[in-house]
Amino acid sequence: VACAMASGLLARLTDVLAGTGLRLQSVQPQLQVAFNAWRHRLPAGHAWFVSVDDQSLSAVHLERGHWDRVHYARVAGDWTTELDRLRARSRAGLAADTTERLYVDAPPALRSDSSRLYGTDVEWLVEDAARTAAVHSLTQLNRVSA
């Protein structure tokens with residue numbers, strides 16, 4: 001996965017860390033960070049992994065456990081509309097008797113507005129409170145850094 005970031009942001013990160021004696025080890029897209037946090041819960045077959053924040057929806061299609069498509073959309077407000085589009089596209093490419101599950105990672109505040117998305121093809125990725133807090137903190141830190 002390739003992504004772009006402002007060169008000024010990378011320079012600023014390097015400058016901030018230089019004063020601490022720390023080195024920047026990596027900068028990763030938010031989708032990659034979220035995927036790595038949840039990969040242990042994803043199936044080896046066909047599925048979508050979806051990561052949502054307050055401004056974007058990123059998704060990766062898994063085929064036999066490997067990425068074969070990436071989808072990204074900027075969202076303003078109702079991210080569930082974009083998820084519905086992704087669901088429709090997913091269904092259109094499948095045989096009539098087949099469905100693909102969508103594994104959705106979204107902050108709790110965004111999940112609360114999405115009750116209409118509960119269904120047999122959507123699984124909300126929710127961990128115990130301690131792990132959720134740690135993953136959320138790491139993800140937030142990475143989102144600020146990326």
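User: Leaving aside its neighbours within four places in sequence, which residues is Asp-105 in contact with?

Analyst: In this predicted model, Asp-105 has its place in strand β4, and the residue is buried, with a relative accessible area of 12%. One of its contacts, Ser-51, is 54 residues away in sequence but 4.7 Å away in space, C-alpha to C-alpha. Leaving aside neighbours within four places in sequence, the residues in contact with Asp-105 are Ala-34, Trp-38, Phe-49, Val-50, Ser-51, Val-52 and Leu-125.

User: With which side chain does the side chain of Asp-105 make a polar contact?

Analyst: Trp-38 is among the residues in contact with Asp-105. The polar contact joins side chain to side chain at 3.2 Å, and the partner of Asp-105 in it is Trp-38.

User: In which sense, parallel or antiparallel, does β4 pair with β1 and with β5?

Analyst: Strand β4 is mostly covered, as 4 of its 5 residues are buried. With β1 it pairs over 5 bridges, where Arg-101 of β4 is the bridge partner of Ala-47. With β5 it pairs over 3 bridges, and Leu-102 stands opposite Val-122 there. For β1 the sense is parallel, and for β5 it is likewise parallel.

User: How many residues lie between β2 and β3 in their hairpin?

Analyst: Strands β2 and β3 pair in the antiparallel sense over 8 bridges, and Leu-62 has Trp-67 in β3 as its bridge partner. In the turn of the hairpin, Arg-64 has a positive phi of about 55°, and the number of residues between the two strands is 2.

User: Within what arc do the buried residues of α3 fall, seen down its axis?

Analyst: Helix α3 covers residues 80–92 and reaches 18 Å from its first C-alpha to its last, close to the 18 Å expected. Its buried residues are Thr-80, Glu-82, Leu-83, Leu-86, Arg-87 and Ser-90, and what covers them includes β1, β2, β3, β4 and β5. An α-helix has 3.6 residues a turn, so residues three or four places apart point the same way. The buried residues of α3 line one face of the helix, because they fall within an arc of 155°.

User: Where in the chain is confidence lowest?

Analyst: The mean pLDDT of the chain is 80, and 76% of its residues reach 70 or more. Confidence is highest in β1, at 93. Where pLDDT is low, the predicted coordinates should not be read in detail. The lowest confidence, at a mean of 62, is found in residues 129–145, helix α5.

Conventions: Residues are numbered from 1 along each chain as its sequence is written. Side-chain values use heavy atoms; hydrogens and water are left out. The expected span of a helix is 1.5 Å times one less than its number of residues. Buried means under 20% relative accessible area, exposed over 50%, partly exposed in between (1.4 Å probe, protein chains only). The arc is that of the directions from the helix axis to the C-beta atoms. Contact means heavy atoms within 4.5 Å. Two strands pair if DSSP finds at least two bridges between them. pLDDT is the predictor's confidence in each residue, from 0 to 100. A polar contact is a pair of N or O atoms within 3.5 Å; within protein, one must be able to donate a hydrogen and the other to accept it, and residues adjacent in sequence count only if both atoms are side-chain atoms.
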